[in-house]
Amino acid sequence: MALRLYNTMSSQVEDFHPIRDNEVRMYACGPTVYDYGHIGNFRTFIAVDMLQRFLRQSGYKLRFVMNITDLDDKIIRNAARDGVSVQQYTAKYQKAFLEDSDMIGIEHPHLVRATEHIPQMADFVAKLVARNLAYRTDDGSYYFRIASFPPYGKLSKKDFSEMRDGSRVDVDEYDKDSARDFALWKAPKPGEASWDTSIGPGRPGWHLECSVMSMAELGETFDLHAGGEDLIFPHHENEIAQSESLTGKTFARFWFHVRFLLVEGEKMSKSLGNFYTLRDLVLKGHKPSSIRYLLTSVPYRTQLNFTFDGLKQAAVSVERLRNFRQRLSSGDFPSGANPEMQALGNETIDRMRAALEDDLNTAQAQGAIFEMVRKANSALDAGQVKKDDTRRLLAALEKFDEIFAVLKDDDGPKMKQVFDWAPTEGREKDISPELREAVQSGQLSDADIENKIAEMEAARRARNFKTSDALRAELAAAGVIIENTKEGVRYRRK
RNA sequence: GGCGCGGUACCCAAGUGGUAAGGGAGAGGUCUGCAAAACCUUUAUGCGUCGGUUCGAUUCCGACCCGCGCCUCCA
C-alpha cells in the first residue's frame, strides 16, 4: 500500500508519489506574524506536521519549507502605528510562533521569510512584465493579468471564462485592466515601509511571496503545497497563475488543504468571544498535550468542533495512553514472548499505517492503538505479558507517538513557561487556579517525591495507614498521584 | 446566487452494499487496607427526513430539511 491523499486540484483521493525517487518536496503557508497564533492556525499547522511526520516515518527524505509571512498590509500598518520597523514588530510574534510550535509538538520546518527575498520578488515581477503577463499602473503598483492565464480558477473550480473573453468588468477607482487582476507589487504609501528594488519602490503582495520562496527553495515544480482551506482562493489560485504562466510548468502537484475548525459549534471569531490562542487555553489550565490530541483526533478534512468538553475528554485519553506506557516500562516481566502479544503489536502497527495511508485517517489510527491498549492491559492483568512483548507493544506505541506526539510527559514545564510569560503581557489576571496548581506540582522534584514515597511505603509496611494516607493526600494536593500496584509503586504528575 | 463539505448513541468520532471501530461520560461488577490504575458487563434493530434501485442500504440514486465553509488577501 502507498499513501493516498486528497488533492484539491483533482477533487479526488490520489496515490501520492514524489516526482524525484524518494524525496518529497513540500511547502506550507505558515503564519502571518502580526499576533499570537490561535487554535485554528494550529489545527492547520498540526495537520501539516502530522503529514510531514508520516512521510518521514514512511521512509521519505523530506525537504519541507514553511514560510513566515513577516510582511503584509496588516503588519506594515501595525508597525507604522507603533512607530517601529517591520522587523521589530514581527520579531516578537515570530518568537511566539516558534515557542507555541514547540509547546504543541510541531517539529520546526525549514523556515523562510518574505523580508529575506525582496530582490527575487522584484525580479519575478520584472519577468512577468517582460512577458506581458503583468503590468505597471500609474502609481507604481504591478498587477497580474488574469486574462493571460486561461486555466485561472482550476484549483478553486471557479469559472472566469467571461472575463477572458474580454467582457469588461466595471473597474472602480483602480486603474487595473480587469477588476480581478491581483496586486503583485504595491506602490509605497506615505509613512509605511517600502523597499527600493529594480522595479521601483514598494512592497510585495502576499501571493507573490509564496510563489517566489517556494520555487527558490524547492524548484519550479514540487510535490505538495499545503495550507488552510481559506487559502484555496484567492491565495493559491494566484500562486498558480503567477508561477505556471511564467514557467510553463506545473507548480505543485498535490494541494493539501486543512478544514477550518469550529469552536463550540460556531466559527471562531473575536466578536463571538470564542477566539482562543494557544496561550489562552494554557492559561485556563489545559495541557498542551490535551490540545494537541484534540486537534489530531479528527481527520484534517473534517470540520472539527473544538469544545472544552472535548478538551477534557482528550486529556483523559492521553492519560490512558501514558498510564499504559508507564505500566509496560516500569514493571518486571518474565523473559520470553507471548505469540498473541507479539501479533497484537505487529497488527496494531499495520493498522495504524493503513489508517494513515488512507488520507491520514487519524481517528482510525487512534482506534487501533486503543484497541491494543485494552487487549494488552487485559493480558497484563492476567499475567500473560512477557519481557519481549513489552518491547513489541512499546514499539507500537512509539510508532503512534512519532505521529501524534502526546506521550512525552512534559506538560508541566511547558505550562510553567506560559505561567511565567503571562505577567510580561499584563495577563496575570488570566492565570486560572488550574494552571497555578499544575505549575505547583512541577515544583516538587523527583527526588522529593521518591523520598515521600519511601516514607509512605514504610508506613504502609508498618500498617500505619493513617500516616500513609496523610502522605498520599499531601502529594495529591501537590498534584502527584501515587499508585500502588502489583508491580510496585508508581507515581505521576496530574 | 455560484462552488464545495457534512448530518452516525448523552458527547467526540471511524466506517461499510450484507447487518454499526475507538475515546469520553453514565450504570453495575472484579481487584484493592484506602486511593489510583486496570479489566469485565451494559448504553444506536439504529446511522437527518421521505422516496427509489437492490435478495439486502446507514453505505448507491433523487428530492427535501438542517448545519458549515469559500466566493480578493481570515489557517
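Reader: In which helix do F42 and F45 both lie, and how many residues apart are they?

Author: Let us begin with the basis of the reading. This is a predicted model, in which local features need pLDDT of at least 70 and side-chain atom pairs count only at pLDDT 80 or more, while totals for chains, interfaces and linings use all residues. Residues are numbered from 1 along each chain as its sequence is written, chains are lettered from A and ligands numbered from 1 in the order in which they are written, and side-chain values use heavy atoms, with hydrogens and water left out.

Author: Helices (H or I, at least four residues) and strands (E, at least two) are DSSP runs, numbered from the N terminus. F42 and F45 both belong to helix α1 (residues 39–57), where they stand 3 residues apart, about one turn of the helix. In total, chain A has 17 helices and 17 strands.

Reader: How many aromatic pairs does the count come to?

Author: Rings of Phe, Tyr and Trp (its six-membered ring) pair if their centres lie within 6.5 Å; planes under 30 degrees apart count as stacked, over 60 as edge-to-face and the rest as tilted. By this rule there are 16 aromatic pairs. The ring centres of F42 and F45 are 5.9 Å apart and the planes stand at 85°, so this pair is edge-to-face.

Reader: Are F42 and F45 buried or exposed?

Author: A residue is buried under 20% relative accessible area, exposed over 50% and partly exposed in between (1.4 Å probe, protein chains only). Both F42 and F45 are buried. Of the 494 residues in chain A, 52% are buried.

Reader: Which parts does the pair of Y276 and F308 tie together?

Author: Y276 and F308 form an edge-to-face pair, with 5.3 Å from centre to centre and 90° between the planes. Y276 lies in the loop between β14 (266–267) and α8 (278–283), and F308 in helix α10 (residues 308–330), so the pair ties together parts that are 32 residues apart in sequence. Y276 and F308 are both buried.

Reader: Which residues do ring pairs link into a cluster?

Author: The cluster is made of Y27, F222, F251 and W255.

Reader: Over which ring does the charged end of R279 sit?

Author: A charge sits over a ring if NZ of Lys or CZ of Arg is within 6 Å of the ring centre and within 35 degrees of the ring normal. The charged end of R279 sits over the ring of W421, 4.9 Å from its centre. K270 lies over the face of F275, at 4.8 Å from the ring centre.
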